[in-house]
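This report concerns the metal site and the charged side-chain pairs of one protein model. Please consult the sequence and structure below while reading.

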Amino acid sequence: MIQLKNAAQIKAMREAGRITGEALLVAREHVREGVSTYELDQVIRHYIEKSGAKPSFLGLYGFPGSACISVNDEVIHGIPSKKRVIRAGDIVKIDVGAYYRGFHGDSARTIAVGKVSDTAQRLIETTRRSFFAGVDAFNAGNRMGDIGNAIQTVVENEGFSVVKRYIGHGIGRDLHESPDVPNFGNAGRGRRLVNGMVIAIEPMINQGTAAVDFDKEDGWTVRSRDRKLSAHYENPLAITPDGPILLTV
Ligand code: MG
Ligand code: MG
C-alpha cells in the first residue's frame, strides 16, 4: 500500500533529504586518487551522525557500510573497503541515506575522478539528464509509465541502456516503500500519480548491455555483465499541490 504524505511529513522528509544531500557534498570533496572507499564511507557516516541522524543503509539487510560505493563497472551496492582505492579516470557512484526524525533520505551521485573518457563523461551526464526527464513527468494525473518512458527515451537516444533488474521506490518511514518506480516503461501506462506521493527516482544506466551480475562472494556488489561502465543518479521527490519538489539539496 502506498503511504501518501501530508505537508508536515513532507517537510520532515526535506530535513532527512537535506542531511543526505549534504553528506554527498562532503563526500564529493574527499573523492580523489588514492582515497579508499572505506575512508569515503567514514566521512559520510561521521557527517550523518554529527547531524543527529543515522545512516539508513548501515545494517539494512545486513549491509556493512553507511554508503554504497560502486566504482566503474559496479552498478550499485558496492561495499566500502580499505582495499578499494580510487584511481584517476575512475567513475565513483556514492549512494547514501540518512534517517532523521522518523524519515529517510536516499540520494546517489556519480563522480568523475580526474580526467575520464569522453564516453564516461557522456554516460554521467546522460544519467543525470534522464533523472530530470523523469522528474518532469512526476506530476499528479500522469502515470508511472510516463516517468520510466521519459528516462528510457533520454538514455536510449544516447545509445546507452537502462538497468531493468533494479528500480526506484517509494520512500518515507521506510527506506523502501511502495510503489515500484521503474526507469523504463510505456507512457500513459501504470499507476496514476497523486498528490502526497513520495518516491526516489534513480536511473541506473549502463554503457553497454543492461544485463547485470550479482557478486555471490561478497553477497552485495552488482556489476554490468559486460564489465563496461555504469552510472547512477538519485533523489527523493514529493508531489504537492504546487507541483513536484526535490527533497534534497
Ligand atoms: Mg539510494
Ligand atoms: Mg533508492
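Which residues coordinate the magnesium ion (ligand 1)? The magnesium ion (ligand 1) is held by Asp95 (OD), Asp95 (OD), Asp106 (OD) and Glu234 (OE), at 2.0 to 2.6 Å. Donors here are N, O and S atoms within 2.8 Å of the metal (3.2 Å for Na, K and Ca); water is not among the atoms, so sites may look incomplete.

This is a predicted model, in which local features need pLDDT of at least 70 and side-chain atom pairs count only at pLDDT 80 or more, while totals for chains, interfaces and linings use all residues. Residues are numbered from 1 along each chain as its sequence is written, chains are lettered from A and ligands numbered from 1 in the order in which they are written, and side-chain values use heavy atoms, with hydrogens and water left out.

**Metal site**

Along the chain, the donors of the magnesium ion (ligand 1) follow the spacing D-x10-D-x127-E. Asp106 coordinates both this ion and the magnesium ion (ligand 2), and the two ions are 3.1 Å apart. Asp95 lies in strand β4 (residues 91-96), whereas Asp106 lies in the loop between β6 (103-104) and β7 (107-112), so the pair ties together parts that are 11 residues apart in sequence. Helices (H or I, at least four residues) and strands (E, at least two) are DSSP runs, numbered from the N terminus. Asp95 and Asp106 are buried; buried means under 20% relative accessible area, exposed over 50%, and partly exposed in between (1.4 Å probe, protein chains only).

**Salt bridges**

Side chains of opposite charge can pair when their charged atoms come close. A salt bridge is a side-chain nitrogen of Lys or Arg within 4 Å of a carboxyl oxygen of Asp or Glu. By this rule the model has 12 salt bridges, among them the following.

| Salt bridge | Closest N and O atoms |
|---|---|
| Arg18 and Glu22 | 3.3 Å |
| Glu158 and Arg129 | 3.1 Å |
| Asp213 and Arg227 | 3.2 Å |

Arg18 and Glu22 are 4 residues apart in helix α1 (residues 7-30), about one helical turn. Arg18 is partly exposed, at 29% relative accessibility.

Glu158 is partly exposed at 27% relative accessibility, as is Arg129 at 42%.

Asp213 in strand β13 (residues 212-214) and Arg227 in the loop between β14 (222-224) and β15 (230-232) link distant parts of the chain, 14 residues apart. Asp213 is partly exposed at 25% relative accessibility, and Arg227 is partly exposed with a relative accessible area of 44%. Asp213 and Arg227 also belong to a network of salt bridges that includes Asp73 and Arg225.
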